[in-house]
Amino acid sequence: MTEVRTGWETVVGLEVHAELSTATKLFCGCRNVFGEEPNTNVCPVCLGLPGSLPVLNRMAVELAMRIGTALHCRVQPSQFHRKNYFYPDMPKDYQISQYDVPINADGWLELPGGRRVGIVRAHLEEDTGKTTHVGGGGRIHEASHSLVDYNRAGVPLVEIVSAPDMRSAEEAKAYVDELRAILVATGVSDGKMEEGSLRVDANVSVRPAGSDQLGTRCEIKNMNSLRSLGRAVEYEASRQIRLIGEGRTVIQETRHWDEGAGKTGSMRSKEEAYDYRYFPEPDLVPLAPPAEWLGRVAASLPRLPAERRAALAALSGSSPDSDAVVTVVRLGLDRLVEAAPPEHAALALRRTANEVASDTEAAARLDARAFARLVALEAGGKLTVAQARTVLKELMRRGGDPEEIAAELGFEALDAGSLEKVVDEVVAAHPVEWERFAAGEDKLAGFFVGLVKKATGGSADLGEASALLRSRRGG
Amino acid sequence: MPSRITPEDVKHVARLARLRLGPEEVQTFTAQLAAVLDHARDVEALDTAGVEPTAHPLPLVNVLRDDVPRRGSDRDEVLAEAPEVEDHRFRVPRILGEAP
Amino acid sequence: MSAREIAAAVRAGATSAAAVVEEHLERAEGGDGEVHAFNSLLADHARRAAVAVDRAVAEGRDPGPLAGVPVALKDNICTRGIPTTCSSRILDGWRPPYDATVVRRLADSGAVVIGKTNMDEFAMGSSTENSAFGPTRNPRDKTRVPGGSSGGSAAAVAAGFAPLALGSDTGGSIRQPAALCGVVGAKPTYGLVSRYGLVAFASSLDQIGPLAADVADAAVLLDAISGPDPADSTCLAGEAPRAAERLDAGVDGIRVGVVRELAEAEGMSADVVSRLRQAAEALAGAGAKVDEVSVPAAVYGLSAYYLIAPAEASSNLARYDGVRYGLRVEEPGGDVTEMYEATRTAGFGDEVKRRVMLGTYALSAGYYDAYYGKAQKVRTLIIRDFDAAYESFDVLLSPTAPGTAFPLGSKTADPLTMYLNDVCTIPSNLAGHPAISVPFGWGDDGLPVGVQVLAPALGETVMFQVAAHIERLAP
Ligand SMILES: [Mg+2]
Ligand SMILES: [Zn+2]
């Protein structure tokens with residue numbers, strides 16, 4: 001695949017729909033919950049019954065302002081429009097959305113690597129109901145009929161539209177990952193792709209490397225995980241390059257990602273092109289959040305992932321896009337690193353990223369001060385690496401005090417003098433091997449270190465032991 | 001002002017509005033809509049340069065409701081009005097295309 | 001007996017609500033065969049409500065200002081568990097699961113709903129001939145139309161079936177039938193009365209308003225239903241002006257402007273214009289300062305209206321698709337789009353189809369700016385011109401309709417001729433201002449003529465004050 005790609009650049013823009021974490025729907029008091037019995041969270045408004053009218057949810061507006069501010073958008077006076085099209089999952093046969101004056105415009109999101117992706121807009125709109133296709137294995141085209149549940153109809157969404165600023169499937173995934181982290185950190189959405197509270201459509205095009213013109217794009221829908229997003233973008237870019245290579249042209253269209261087949265397919269039906277006939281929603285009045293409200297929203301935002309990565313990087317002397325920093329921030333474990341003595345931040349970062357991160361549930365419970373004391377014990381040579389790991393495991397399992405745990409386990413680091421003694425004994429017991437090591441057969445270092453480890457029951461600092469062996473040999 | 005509405009335009013809007021028209025209806029509606037649109041041409045004379053459009057007759061802003069759940073409708077009462085129900089859901093004939 | 005007299009008698013225990021209701025039901029059952037004011041008479045419902053009023057009186061509780069007064073409701077106002085048809089086949093048999101806000105206000109004020117009245121389908125029309133259930137006849141001359149679209153409500157009051165009725169007015173649908181039936185009808189300021197539960201025709205223009213035999217009754221009914229409603233975002237907050245506050249204050253010093261452009265509008269018949277002049281002179285004689293005034297943009301109202309109202313209607317009526325309620329027409333083996341088309345084609349009458357297509361066209365790609373966009377700018381100009389006029393005048397005066405009630409069938413062939421009926425009433429809807437039609441003498445054919453009093457937004461008090469005096473001065 002890569003050889004086909006040479007000389008081509010992939011261009012990706014993403015449209016992300018995120019369900020807002022409100023208690024109620026966007027325009028009515030029905031509860032915003034997932035997984036209830038069908039058609040139990042409905043009312044005249046979200047069923048679009050004749051005579052019903054929408055009333056805007058203040059919290060939905062506030063959450064939209066939060067994500068807009070977090071994405072460095074201009075939060076501006078806005079208006080709702082109706083987007084008209086017939087579809088059974090839409091009770092009014094129009095969607096209340098925002099059009100030419102969205103609540104948030106012109107922002108950016110910084111990827112861990114430092115690249116900025118432009119945010120064109122992040123607007124409010126209502127979700128549709130859920131359609132189940134009956135017969136034909138649940139596939140729309142082969143189904144005999146369909147069933148509609150309107151529990152999801154009217155759930156508040158924010159649609160976040162990026163600029164076509166991403167250049168690979170990897171970047172597209174990194175963008176969604178970062179966006180999800182921001183949505184979760186700001187409390188705007190739970191960001192669950194599996195439950196559909198985060199849905200991603202990708203606009204993919206290709207162009208000759210070095211070109212500054214955009215190629216014809218296709219919109220890819222139905223990707224249910226980051227992995228399928230990556231695969232779909234890869235597949236689609238290759239498909240387009242192949243088409244162009246064969247002298248054919250890419251048609252602008254919406255394509256459906258088939259996870260099983262690993263392919264995108266055209267979604268065009270016999271339907272004519274849509275004409276949404278947007279016009280201002282007359283049942284709602286314009287929205288113009290006062291500066292004071294905006295100020296409160298901005299002041300209440302938590303530190304965002306990019307800022308936290310920069311802080312951790314500075315603290316630990318690593319790079320903001322290092323795996324350790326990215327992992328720790330993604331899992332929200334910054335507090336552990338920050339609680340450790342600053343001179344041991346690098347060690348604290350390593351332990352957090354490597355050990356703590358492997359059990360996120362226990363990590364959430366881990367007491368930062370206890371963790372900090374453990375890091376100090378290890379850094380001060382009171383515990384060896386292996387002992388420190390064991391104590392950490394216990395600490396995560398049952399909490400408590402690291403020194404007490406270490407004492408319980410009988411851990412006591414050998415001081416430098418007693419380690420030397422052990423090394424002497426080991427060398428004396430294996431003269432032949434020592435001679436070979438002294439003559440330069442370096443791999444025997446492992447042999448001796450292993451013996452030291454065995455002799456001390458694992459309590460020795462093996463790095464120290466290795467250093468002693470070498471200095472005894474004379475380098 | 002755009003050119004006069006044609007029978008093709010009428011067929012197009014009927015499709016968008018999910019209405020079926022017979023050939024005679026297309027002719028009748030085309031003539032009737034053309035008459036109304038011709039009458040609307042009197043606004044051509046009005047200079048509306050720099051005039052803001054009015055979407056709402058009164059200048060209200062920021063009408064909001066608190067995010068507090070309220071009891072919705074009774075499912076049985078709602079489904080009793082539906083032409084066809086299956087499995088507590090609204091049943092519809094097969095759908096040929098995905099949502100746009 | 002007027003509504004005020006009925007309520008006073010019921011409150012005083014001089015008569016019972018049950019007796020009042022029985023008397024009106026009897027009259028309606030006897031006379032409505034010929035008139036067809038009602039789509040449904042709600043005898044059982046009304047009797048139960050009357051019993052409740054009488055019990056309140058007996059127990060010494062306040063039965064409300066409209067205690068025991070029968071009210072006829074236009075059939076586009078939702079009543080829980082009671083068919084609400086909009087005189088359309090597409091909603092035939094639909095029972096809303098909720099009451100409109102005005103229905104609750106009526107109940108709170110002690111009024112008794114006795115029936116749902118006939119109308120032009122979805123309020124689209126000026127003669128009540130566009131009803132799926134057959135036309136209503138004018139009680140003053142049964143060969144003629146009652147006007148429309150609230151023709152059933154106007155006829156019910158004119159025939160004495162109910163002392164009060166509610167209608168809805170999008171472009172004159174209360175005032176024009178009031179004029180043609182010789183009763184009083186008012187369209188309030190946009191946002192004065194909640195639209196929650198009023199089946200939408202054109203959301204930015206629709207208002208519910210009162211019809212009554214005299215101005216004072218209309219005022220009492222309006223005061224009972226007006227005021228803020230959290231279920232309607234476009235309903236005004238704050239205390240509503242009281243319509244009944246200054247009914248007896250006379251017109252001394254009131255500045256009355258006769259709108260030249262409307263008095264001289266296309267198709268205005270001479271007898272109507274001379275009644276208008278006569279009313280103006282009478283007002284001057286009673287101490288009002290009467291003059292001519294120019295509202296130049298008013299004449300463009302008709303054109304703007306017949307783009308804006310159909311555009312909004314095309315979207316509001318999309319929901320009638322055979323999925324959730326109402327009519328479904330299905331052909332064997334058809335898909336959902338075919339079901340939509342079959343249902344809507346069978347369910348809507350020609351006038352609705354005409355306006356839905358007109359509105360779809362006005363909003364569609366490439367035409368929006370020329371039609372809908374331009375019409376909204378005209379709307380701004382009309383508001384500006386009215387504002388200028390109200391700098392010099394307290395109220396304005398015009399004919400309500402260009403002529404008296406016309407023979408059934410005489411205008412159905414040519415939609416544009418029918419639309420011209422609304423030329424004097426439309427500007428108030430576009431501006432969101434209140435206006436009232438008061439009977440003032442007769443035309444050359446002996447049928448009633450109405451004059452219209454227009455006022456600025458929330459000018460109901462002075463508008464009813466002047467209207468009440470015109471009623472006193474009427475020949
Ligand atoms: Mg969207
Ligand atoms: Zn709801």
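1. A salt bridge is counted here when a side-chain nitrogen of Lys or Arg lies within 4 Å of a carboxyl oxygen of Asp or Glu. By that rule, the count between chain B and chain C is four salt bridges, and in one of them the side chains of C:Arg80 and B:Glu77 meet at 2.8 Å, N to O.

2. A word on the basis of these values: this is a predicted model, in which local features need pLDDT of at least 70 and side-chain atom pairs count only at pLDDT 80 or more, while totals for chains, interfaces and linings use all residues. Residues are numbered from 1 along each chain as its sequence is written, chains are lettered from A and ligands numbered from 1 in the order in which they are written, and side-chain values use heavy atoms, with hydrogens and water left out.

3. To return to chains B and C, the contact (heavy atoms within 4.5 Å) takes 51 residues from chain B and 68 residues from chain C. Together the two chains bury about 5400 Å², 66% of it on carbon and sulfur atoms, where buried area is the accessible area (1.4 Å probe) that two parts lose on being put together, summed over both. On the side of chain B, the residues B:Arg18, B:Arg20 and B:Glu81 supply 13% of the area buried against chain C, more than any other three residues.

4. Across this interface of chain B and chain C there are also 19 residue pairs in polar contact, both residues being at pLDDT 80 or more. Such a contact is a pair of N or O atoms within 3.5 Å; within protein, one must be able to donate a hydrogen and the other to accept it, and residues adjacent in sequence count only if both atoms are side-chain atoms. The elements of chain B that give two or more residues to the side touching chain C are α1 (7–16), α2 (23–39), α3 (75–80) and β3 (89–93), helices (H or I, at least four residues) and strands (E, at least two) being DSSP runs numbered from the N terminus. The largest share, eight residues, comes from α2(B).

5. In the interface of chain C and chain A, 43 residues of chain C are in contact with 33 residues of chain A. These chains bury about 2800 Å² between them, 57% of it on carbon and sulfur atoms, and in chain C the residues C:Ser233, C:Arg319 and C:Arg324 lose the most area to chain A, together 22% of what that side buries. The rule finds two salt bridges across this interface, including the one that A:Asp283 forms with C:Arg195, whose closest N and O atoms are 3.0 Å apart.

6. What coordinates the zinc ion (ligand 2)? The donors (N, O and S atoms within 2.8 Å of the metal, or 3.2 Å for Na, K and Ca) are the SG atoms of A:Cys28, A:Cys30, A:Cys43 and A:Cys46, at 2.3 to 2.4 Å. The arrangement is tetrahedral because the four donor atoms subtend angles of 100 to 116 degrees, and four donors count as tetrahedral if all angles lie between 85 and 135 degrees.

7. Two points of the backbone deserve a look. Most residues other than glycine have a negative phi, and most peptide bonds are trans. A:Asp106, in strand β6 (residues 104–110) of chain A, has a positive phi of about 55 degrees although it is not a glycine. The peptide bond from C:Gly148 to C:Ser149 is cis, with omega near 10 degrees, and C:Ser149 lies in the loop between β3 (112–117) and α5 (151–158) of chain C.

Technical notes. Tetrahedral: all angles 85-135°; square planar, octahedral: opposite > 155°, others 65-115°.
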